[in-house]
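Try each task before you read its solution.

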Amino acid sequence: MSPARPTVLTVLIERLRLRHASPRTIAAYRGWVLRYMRFHRGRHPRDLGERDVTGFLSALATRRSVAAATQNQALAALLFLYREVLQQPFGWLDALVRAKRPHRTPTVLSRDEARRVIEAMDGTERLVAMVLYGTGARLGEALSLRVKDVDLDRYEVVIRRGKGGRDRMTMLPESLRSAIAAQLNHVAELHRRDVAAGRGSVMLPDAFGTKSPGAAFDLRWQWLFPATRSYVDSETGRLMRYHLHHAAVQRAVVAAARRAGVTKRVTCHTFRHSFATHLLKAGYDIRTVQELLGHRDVMTTMIYTHVLNRGGHGVRSPLNGLDIARARAESPPIADAMPSTHLTPGPALSLELEKARGERHREQDRRAVYQWLAQSDLTPSMMGLPDFPDSPVPTWEEFCGDYGPHFFDGSRPEVGRSFLIEVAGEAVGHVNYDGLDSGRGIAELDIWLRSSADCGLGYGPEALRALTRSLHEAFGITEFILRPSRRNVRAIHAYTKAGFSMLPLTNEEQAKVYGAGDYRDTVVLHLRWPTTDAIRPG
């Protein structure tokens with residue numbers, strides 16, 4: 001008796017596995033071939049031709065109104081069916097027209113919206129959402145993480161077999177370390193109980209299970225986000241544990257966005273879009289973001305650069321220059337109703353002395369500013385070992401010597417003064433001026449924010465805009481400089497993006513122009529009034 005002839009679907013799956021297609025690709029192609037056969041009332045694909053394929057694809061667009069990407073996936077499945085499975089390389093296959101995919105701008109959450117959505121979640125789904133936003137991983141990539149892919153000491157995560165079958169490295173946020181460590185402990189305990197109960201194995205990639213059969217029971221190969229239930233593997237008959245299902249996380253994200261009051265369409269992939277957008281806004285190089293996202297072509301990453309521009313690719317609308325009176329004072333524009341960045345002691349950055357506030361808050365303000373400078377997660381990017389051996393982190397006494405009481409009580413505005421950058425009443429950073437030379441119209445500025453979480457949100461440029469305008473009005477200052485370290489690449493990039501330009505001055509030239517000092521490790525960034533209106537949001 002001759003063996004049974006393999007079915008079309010069986011051969012399809014074998015050919016896809018031969019090409020190391022992902023399980024999701026195999027499931028998608030199998031589903032499209034099934035729908036194609038059912039559409040034509042069970043007729044064998046070998047008996048169907050160009051008109052039948054076109055009719056099926058047209059029905060998808062006209063009857064089911066599927067997206068262009070979905071229609072193209074169906075076409076890809078049928079092309080593979082005829083070329084690789086049925087081995088019928090008809091000429092009409094090349095003539096099939098792919099649907100034109102429209103250009104769509106990705107949905108991006110603000111940092112506050114991302115926080116609200118994540119806070120509205122709980123359990124493992126919440127941790128997965130934090131990994132999506134913190135690493136830029138796709139949902140499938142995050143759920144496929146195994147214990148061995150996380151390096152807590154180096155703050156690294158290895159994404160295995162991502163889109164296109166490529167591996168890549170991304171960061172593990174410091175704020176996630178404790179949560180991931182707790183998750184690893186949970187996985188270890190769950191695995192111990194599974195092994196004791198005669199279970200404890202997981203699916204291994206490709207033929208690795210044949211090469212190393214014991215690896216399926218190894219803790220290192222266990223899923224970082226395991227499912228709550230085990231299943232019986234159809235091939236081995238073993239009780240195995242799979243990772244958390246995609247649908248569970250997807251439902252949790254949608255429900256959390258609804259509870260958080262976010263009106264945008266939020267999916268798991270929205271966190272990936274937001275990750276890339278916020279990195280670019282923070283001044284990171286697009287090539288770096290490309291590598292973190294795993295894009296093969298930088299043009300794919302370029303879609304996120306829309307956030308680096310103001311509307312119309314940075315063009316300033318002529319309407320912005322008109323002083324139009326409000327028609328109804330009781331109905332202010334939305335922008336005015338939102339919390340705006342301002343500088344203590346007032347939204348207009350008044351330089352009038354407010355000694356009452358200075359006496360009451362001077363010490364706690366100065367202590368907070370010192371902590372942001374010397375004890376925050378931004379400190380290593382500004383000073384201290386290992387990157388800045390010549391710029392040690394100052395002690396509290398050294399800081400107080402450099403930033404005397406007049407910086408915080410406003411008693412000597414002609415010399416220098418500090419201001420807190422506040423958003424909705426909460427201090428998020430500090431900006432000051434020093435080295436004021438009203439004779440030459442020059443002032444040196446300095447600025448630092450509370451933490452990395454406050455970077456990339458436009459607070460710095462808005463604070464610099466307010467300070468430069470106030471100094472110009474009060475003292476006639478027309479030139480402003482910043483002098484960051486040459487090695488503080490992130491700050492230099494942020495300042496130049498905000499409108500400052502780098503002056504190619506030697507150490508001797510800097511000393512001649514700005515006075516005696518040590519300029520070996522600094523660069524001079526310059527802004528001339530009235531171009532301060534050109535300070536762009538970060």
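**Before you start**

This is a predicted model, in which local features need pLDDT of at least 70, side-chain atom pairs count only at pLDDT 80 or more, and totals for chains, interfaces and linings use all residues. Residues are numbered from 1 along each chain as its sequence is written, and side-chain values use heavy atoms, with hydrogens and water left out.

**Exercise 1. The whole chain**

Task: describe the chain by its helices and strands, its buried share and its pLDDT.

Solution. Begin with the elements: the chain has 21 helices and 12 strands. Helices (H or I, at least four residues) and strands (E, at least two) are DSSP runs, numbered from the N terminus. Next, take burial: of the 538 residues, 46% are buried, where buried means under 20% relative accessible area, exposed over 50% and partly exposed in between (1.4 Å probe, protein chains only). Then turn to confidence: pLDDT, the predictor's confidence in each residue from 0 to 100, averages 76 over the chain, and 77% of the residues score at least 70. Residues 309-360 have a pLDDT below 50, and this stretch has 61 contacts in the model beyond near neighbours in sequence. Contact means heavy atoms within 4.5 Å. Residues 531-538 also have a pLDDT below 50, with 26 such contacts.

**Exercise 2. Helix α12**

Solution. Among the buried residues are Cys268, Phe271, His273 and Leu280. Look at His273 in particular: its relative accessibility is 16%, so His273 counts as buried. Not counting residues up to four places away in sequence, His273 touches Pro106, Thr107, Val108 and Tyr304. After the helix comes Gly283, with a positive phi near 100°.

**Exercise 3. The largest nonpolar core**

Task: which residues of the largest nonpolar core touch the most other members?

Solution. A nonpolar core is a set of buried Ala, Val, Leu, Ile, Met, Phe, Trp, Tyr and Cys residues joined through side-chain atoms within 4.5 Å. The largest has 40 residues, and Val128, Ile180, Phe225, Val249 and Phe271 touch the most other members. Elements giving two or more residues to this core include α7 (123-135), α9 (177-196), α11 (246-260) and α12. The most comes from α11, with seven residues. Leaving aside neighbours within four places in sequence, Val128 is in contact with Leu139, Leu143, Phe225, Leu244 and Val249.

**Exercise 4. Strands around β9**

Task: how many bridges join β8 to β9, and in which sense do β9 and β10 pair?

Solution. Two strands pair if DSSP finds at least two bridges between them. Strand β8 (residues 426-437) runs antiparallel to β9, with seven bridges; here His430 stands opposite Trp448 in β9. With β10 (residues 479-482), β9 pairs in the parallel sense over three bridges, and Ile442 has Glu479 in β10 as its bridge partner. Lastly, β9 (residues 442-449) is mostly covered, with six of its eight residues buried.
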